[in-house]
Amino acid sequence: MGARGCGKWHKFDTTTAQGPFALTRSSVTRIRQLLEESDYQGALSRLHYGANTAYLHDFDLSLSDKDLCHFAEGLATKTRAIRSRLALRPSLSPTVLAQLAARYQIKLPSNEREYKIEHNKMGTTVWWTTRLRHLQRTHLDTVHRDLNLVSRRQACYTSNAAVMLFRDAQQRAEHYLDTTELENREGKRVSLREIAEHSISNPAVRNAEFMVRIKGFEQVSKLYGHTAQFFTLTCPSRFHPTLHTGEANPNFDGSTVRDAQDWLQEHWVTTQ
């Protein structure tokens, strides 16, 4: 099977695909459900949406991390070429680089001092890789929500693809810890893994610290006679793509997770 979007055709082999960038079984199931709906136009429009939103300009959101890094390297090279070309016209550089970043929904700071810092970093692969990874996670999760792949019946809190992306990032972090060493002025070397094991980067240490803090709060609350209360803040229906039954929510207005966070933050501030 395949999907056409932005003039490009992608083939998905669900039997051999591996990793967080493969077409997951839940996606295949959802597509079959859509095709079996009585509203074929609605089903096809949602499939068309999923294919078209797989791209940000020329950035394919389904790229593996290796290919994403290669794409980021190309953008870093393009950035350096732009800066070199506009060396004699420095006043144009901020505008041109801002337009390049905007293609991938990246907004450069307006503050002159902060812009100069970002301006220098834009020519590196690391700068682009970090931002493209964030875009990939954010947009893929939004697409999965819009296709009803995140619901009470499917994945309750986030998409399966987002979970696999997170695990992939954890594996990269583990590899970095195992292959990196620090050296002091005396020439003594220590593994970054060893340092991490004795800091809150270690889940066991972090959990122990968290429990100590909870115990402290409990003692203080008893001392002052405080009563514990638990509140769950939720967004209005228009922010939820599905109902509690897992069916599409007719009140959903296309709001993203970021929109919901902004709404909660705004209303939390007004209640203070």
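How exposed is Asp-253, and what is its relative accessibility? At 43% relative accessibility, Asp-253 counts as partly exposed, since buried means under 20% relative accessible area, exposed over 50%, and partly exposed in between (1.4 Å probe, protein chains only). Please keep in mind that this is a predicted model, where local features need pLDDT of at least 70 and side-chain atom pairs count only at pLDDT 80 or more, while totals for chains, interfaces and linings use all residues. Residues are numbered from 1 along each chain as its sequence is written, and side-chain values use heavy atoms, with hydrogens and water left out.

**Salt bridges**

- A search of the whole structure finds 13 salt bridges, each being a side-chain nitrogen of Lys or Arg within 4 Å of a carboxyl oxygen of Asp or Glu.
- Asp-253 is joined to Arg-238 by one of these, at 3.0 Å from N to O.
- Both Asp-253 and Arg-238 lie in the loop between α9 (203-224) and α10 (257-270), so the pair ties together parts that are 15 residues apart in sequence.
- Asp-65, Arg-133, Asp-168 and Arg-172 are linked in a network of salt bridges.

- Helices are DSSP runs (H or I, at least four residues), numbered from the N terminus.
- Helix α5 covers residues 112-121, and its buried residues are Tyr-115, Glu-118 and His-119.
- Seen down the axis of α5, the buried residues fall within an arc of 105°, so they line one face of the helix; the arc is that of the directions from the helix axis to the C-beta atoms.
- Arg-113 and Asn-120 are exposed on the other side of α5.
- The buried face packs against α3 (65-85), α4 (93-102) and α6 (125-146), where contact means heavy atoms within 4.5 Å.
- Glu-118 counts as buried at 15% relative accessibility, whereas Arg-131 is partly exposed at 26%.

**Nonpolar core**

- The largest nonpolar core has 25 residues, and those touching the most other members are Phe-59, Phe-71, Tyr-104, Ile-106, Leu-108, Trp-128 and Leu-132.
- Such a core is a set of buried Ala, Val, Leu, Ile, Met, Phe, Trp, Tyr and Cys residues joined through side-chain atoms within 4.5 Å.
- Helices α3, α4 and α6 each supply at least two residues of this core, and the largest share, six residues, comes from α3.
- Leaving aside neighbours within four places in sequence, Ile-106 is in contact with Ala-101, Trp-127, Trp-128, Arg-131 and Leu-135.

**Cysteines**

- The structure holds zero disulfides, a disulfide being a pair of cysteine sulfur atoms within 2.5 Å.
- Cys-156 counts as exposed at 51% relative accessibility, whereas Cys-235 is buried with a relative accessible area of 14%.
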